[in-house]
Amino acid sequence: MSATHDQDYAAVVDRERPLIQATAYLLTGDPVQAERVVQLVFAQLYGRWSGLRHPLLEALRAVVRAASAPVQLPWEYRQRVELIDGPPPALAAAEPIVADLRTLSY
């Protein structure tokens, strides 16, 4: 792919991503699922870029099709993990038990 191809694609993605993201969120009701839909749509759009006359229209059509079912991204090989700041809730419940275990002799 040429540099012009990539620059044109990047300009469209920068310009249209907020609308595509909002549409995906309205259709799915879930921000994580909406992000997955947007990633899939833009990846597919990149593959067909040279033949597109109306990229926004094509992207919106693809969002409607993709949002109707769970999205499996081809580049994801493992289950998705979400990181949370702070200690996990299970560790807070285990602290008294760990403290008691530390009082035991060898």
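Predicted model: local features only at pLDDT ≥ 70, side-chain atom pairs only at ≥ 80, totals over all residues.

Student: Where does threonine 23 lie, in terms of secondary structure?

Tutor: Threonine 23 belongs to helix α1. Leaving aside residues up to four places away in sequence, threonine 23 touches Leu60 and Val63.

Student: How many helices and strands does the protein chain have?

Tutor: The protein chain has 4 helices and 0 strands. Along the sequence, the pattern reads α-α-α-α.

Student: How does one describe two helices that pack together?

Tutor: In general, two packed helices are described by the angle between their axes and the distance between those axes. Here, helix α1 (residues 3-28) packs with helix α3 (residues 55-66) at an angle of about 25 degrees, and their axes are 10 Å apart. Angles under 35 degrees count as roughly parallel, so α1 is roughly parallel to α3. The crossing of these two helices, α1 and α3, is right-handed.

Student: Which residues of α1 and α3 meet?

Tutor: From α1, the residues are Val12, Glu16, Leu19, Ile20, Thr23, Ala24 and Leu27; from α3, they are Pro55, Leu56, Ala59, Leu60, Val63 and Val64. By class, this contact of α1 with α3 contains 11 nonpolar, 1 polar and 1 charged residues.

Student: At what angle do α2 and α3 pack?

Tutor: Helix α2 (residues 31-47) and α3 pack at about 135 degrees, with a distance of 9 Å between their axes. The two helices α2 and α3 are therefore oblique to each other. Their crossing, that of α2 and α3, is right-handed.

Student: Which residues form the contact between α2 and α3?

Tutor: Val37, Leu40, Val41, Gln44 and Leu45 in α2 meet Pro55, Glu58, Ala59, Ala62, Val63 and Ala66 in α3. The contact of α2 with α3 comprises 9 nonpolar, 1 polar and 1 charged residues.

Student: What may be said of the protein chain as a whole?

Tutor: Of the 106 residues in the protein chain, 27% are buried. The accessible surface of the chain is about 8,100 Å², and carbon and sulfur atoms account for 60% of that surface. Finally, among contacts in the chain with a separation of 6 or more, 67% join residues 24 or more positions apart.

Key. Residues numbered from 1 in each chain as written. Heavy atoms only, no water. Axes fitted to C-alpha atoms, helices over the stretch in contact; angles between N-to-C directions. Parallel < 35°, antiparallel > 145°, perpendicular 65-115°, else oblique. Left-handed = near helix turned anticlockwise from the far one by under 90°. Contact = heavy atoms within 4.5 Å. Nonpolar A, V, L, I, M, F, W, Y, C, P; charged D, E, K, R; others polar. Buried < 20%, exposed > 50% of the residue type's maximum accessible area, 1.4 Å probe, protein only. Areas by Shrake-Rupley, 256 points an atom, 1.4 Å probe, with all protein chains shown as cover.
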